[in-house]
Amino acid sequence: MALVGLRRNLCHLCDFQIHRALAVLRSQPVSHIHQAVREHLCCWFFALRPTPSRVRSHHPCCNNFHSENRSETQPAGQLVSPRVHDWDRLEQNIKHADEQMFYRRLNDFTSSEEVLSFVSTLETLPDSGAAGALRRIWEVGKKDDAGRLPEEILDNHVFKALCFRLEREAPTLTNTGLVRALQALTLSHVDPQTSLLENLVAECQNRLQKGGLEVHHLCILGESLVKLQGPGCVMLEQIIAQLQGEELEKFSPEDVVAIYRILQACPEKVDQHQAFLSKMNSFTLSVVYSLSPKSISQVLSALVALDQTQALPLVIKLGKYMVRYIPRFTSGELASVLEAFIYFGYSDRFFTSALEQHVAALCLALNPEVVSKITKYCSKKLIFSKPILNAVAESFVCHSEKFSPHQISELIEPFGTLNYLPPNAPALFRKLETMLVTHFNHFPPKTLLKLLHSCSLIERHPVNFMAKLFSPYFLQQLQGKEPYLDRLSLAQLTQLFLTSILECPFYKGPRLLPKYQVKSFLTPCCSLETPMDFQLYKSVMIGLIDLLGARLYFASKVLTPYCYTLDVEIKLDEEGFVLPFTVDEDVRKRVALCIDGPKRFCFNSKNLLGKEAIKQRHLRLLGYEVVQIPYHEIEMLKSRLELVEYLQRKLFSQNTGLHW
C-alpha cells in the first residue's frame, strides 16, 4: 500500500513516469540502481499512486513471480536470478523511503491545523500513516500538561474522518497500525467510552488472546491500557505474562524502557513481578549504551518507584554512562535522575564534575525544581561543591519569586548542612528574609523550622522569627494531629533556643518552654551530632593514656548540661594541672577534645559539617577549651611515639594552659 497518492488529474502521468523509471532501472546493472533511483524516482516519493495489493513484474526474468502483501513466492524447484532479488529489495527500499519521507513531512509541521490540512490533500493513507498523523496532531496540538486536545480539533471533520476510518477498518488494520492508533487516541484523551476506542481495544484483546502480537506491539498496547483503563485491567496482566515468556534478546532498548514504565504503573504488584524485574535489571545492563537521556531518566524513575535497591549495579552503570550527556537532559529528566541518585545513595566524582560545569553554565536558566534537586543531592551526599553552591545562590537571588516554599527550603538547607557561605551571602539572606516576611504563612511548619535551623548553623540567626517559632500557636501547628512532637523537631527547637541565649544575647522575645526541650542532641534516630568514630577514638585513647599516665585522667562520651556530648573531657584545676575525671571540686577549666572522624566532614573534604561547627562554637561560648583532633591529621602519624608527641602539642600548647 502506498503512503500517499497523487491527485486524480495526475494519476496517468504518475503511472507513466514510474513505469518508465522502472524500465530504465531493470535494464541497468545492479551497481547503478541507486543512481537511477535518485535520478528518476526521487521527485516522485510524494506522488506515488496507491499500488494494488498484487503487483506483477514486467521484467522478462520475473514472468513467473509476483508480490502479494509484501510476501514473495516462487515456484518450487526454480532458481531465482540474483538480479531479481536485487530488484525485489529495491522495491521494498522504495516503499520504505516513501514512508520515511511521509513521516519526515509530518514532523516538519508545527500545528495540528497543518497536519490536518496535509492529510486532507491525500487520496490514500495506510493505517500506520493514519496512526502517525493522529500522534503528530496530539504532539503539536495538546493544550495543557495533561495532553488533552482542544475541542476544535476533536470536532474537525478530517480528524473525525481519520477516527471513523480506524473504527471501520479495525479488524483489517496491521498490528502496528492498530496499537499505534490506540496509543495516539489514548494520549489525546479521547473518551474511552466511544465506540472507536471500544472497537480498537476489543480487536487488540482478540489478537492478544491469539498470541499474534510481537514484543514491540505488546509494549505499546500495555502503556496505552495503563492510561486508558488503569493498572488493574485484566489485559495488562495478560500482556505482562506474555512478555515474561519472551526471550529478553528480542527486546529492543525502546521495549525495555516501555516495560519499566508499565511495571512502574503497578508498584503494588512488584512482589508478583519481582522475578521478571530481576531479569530485566540484569538484561538492561547490556543495553545501557543504547539508551537516550530521556530513557535513562525513565528507567531510573521506575527503579525508584519499584524500590529496586538490589539493582545498584544498573544504577551505577547508568550513572557512569550518562555523565557525557548531562547537557542533553531536560530539566524534568535531570530532576528525576538526581532524585534517583539520592534514593539509591549514589555519587560519582565524574558526575559531580559534569554537574558543576552544567550548573555553572546555565545557573540563571535552570528550572527552580532542578536547582532545588541539585542542592538536595549535594546535601544528602555531603558533596562540598563551591561552583554548584555559588551558582544556585546566584539563581535564587535573581529568581527568588519563582521558588516555592519547599524549593526554598531544599535550596537553603545545604548551605547549613555543608557549613558554607557563598560570596553573595548578604544578598542571599536578604532575599530569603524578604521571602519569609512576605510568605511566612505559606511555609509548612516543619519546612520552616528546618530552614531557619539551617540558617543558624552558619551564623545567620533568624532573630526576627524566633518569637514566632517559640510561640504556643506555632508549636501547636508544628505538632499537628500527632499526639506529640517528633524528636528531630524538638532537638532543632532546643538548639535554636540555645543559640538565642549564647549567640543572640539581644533577643528578648519568648523562650522555649522546658517541656519542648531535649536533654541530648545525640540520639540514634535523629541526631544533631555525629557519633564518634570508634576506631579513631581507640587510637587517640591509647595516646592519651601514654601521655597522661593513666585512663583516670580523662572521661569519654560526657553528656553536658547543655545537651552536647563530649568525645573526651579533661578537667583542670586553677593552676592548669590535670585532675582525675571523678573529681568535681576545684575544677576551674574543662577541655573538650573533638575527635572528628570522616563522617564529621563533607565528602572528600576537610570542611567541617555545619552541625559540628555549631557544636564547637557553642562549647567555646559555654567556657570549654575546644581541641580538635581531625582524622586526617591522625592518619599522617606513623608511630605511637609520633601520636603522643602530636597530642602533647595539641593539649599542652600555650593557648590551653595545661600543665603536664
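1. Contact, in this note, means heavy atoms within 4.5 Å. That sense of the word is needed for the covering of helix α10, whose buried residues are covered by elements including α8, α9 (195-210), α11 (234-245) and α12. Please keep in mind that the model is predicted.

2. Start with the whole chain. The chain holds 29 helices and eight strands. Of its 660 residues, 51% count as buried. Now take the contacts with a separation of 6 or more: residues 24 or more positions apart account for 70% of them.

3. Next, look at α10 (215-229). How many of its 15 residues are buried? Twelve are, and the helix is mostly covered. Among the buried residues are V215, H217, L218 and C219. I220, L221, G222 and E223 are also buried.

4. Check the length of α10. At 1.5 Å a residue, its 15 residues should span 21 Å. The C-alpha atoms at its ends are 20 Å apart, so the length agrees with expectation. Just after α10 comes G230, which takes a positive phi of about 90°.

5. Now the second largest pocket. Its volume is about 1,000 Å³. The lining has 35 residues. Which of them lie nearest the centre? They are R135, R180, Q183, E223 and R261.

6. By type, the lining residues divide into 13 nonpolar, eleven polar and eleven charged.

7. F102 lies in helix α3. Is F102 buried or exposed? Its relative accessibility is 0%, so F102 counts as buried. Buried means under 20% relative accessible area. The C-alpha atoms of F102 and A133 are separated by 9.8 Å, and the two residues are 31 residues apart along the chain.

8. A130 lies in helix α5. A130 has a relative accessible area of 0%, so it is buried. Which residues does A130 touch, not counting residues up to four places away in sequence? It touches L125, L162, R165 and L166. A130 and A184 are 54 residues apart in sequence, yet C-alpha to C-alpha they are 9.9 Å apart in space.

9. Turn to the strands. Strand β7 (residues 589-596) is mostly covered, with six of its eight residues buried. Find strand β5 (residues 565-572): five bridges join it to β7, and the two run antiparallel. In this pairing, the bridge partner of E569 is A592 in β7.

10. β7 also pairs with strand β8 (residues 625-630). Do these two run parallel or antiparallel? They run parallel, joined by six bridges. Here D596 has P630, in β8, as its bridge partner.

Note on methods
Residues numbered from 1 in each chain as written. Predicted model: local features only at pLDDT ≥ 70, side-chain atom pairs only at ≥ 80, totals over all residues. Heavy atoms only, no water. 1 Å grid on protein atoms, 1.4 Å probe; cavity = no way out; pocket = protein on both sides within 12 Å on 5 of 7 lines; lining within 4 Å. Points joined across faces, edges and corners; volume = space filled by probe spheres on them. Helix = DSSP H or I, 4+ residues; strand = E, 2+ residues; numbered from the N terminus. Nonpolar A, V, L, I, M, F, W, Y, C, P; charged D, E, K, R; others polar. Expected span 1.5 Å × (residues − 1). Buried < 20%, exposed > 50% of the residue type's maximum accessible area, 1.4 Å probe, protein only. Pairing = 2+ DSSP bridges.
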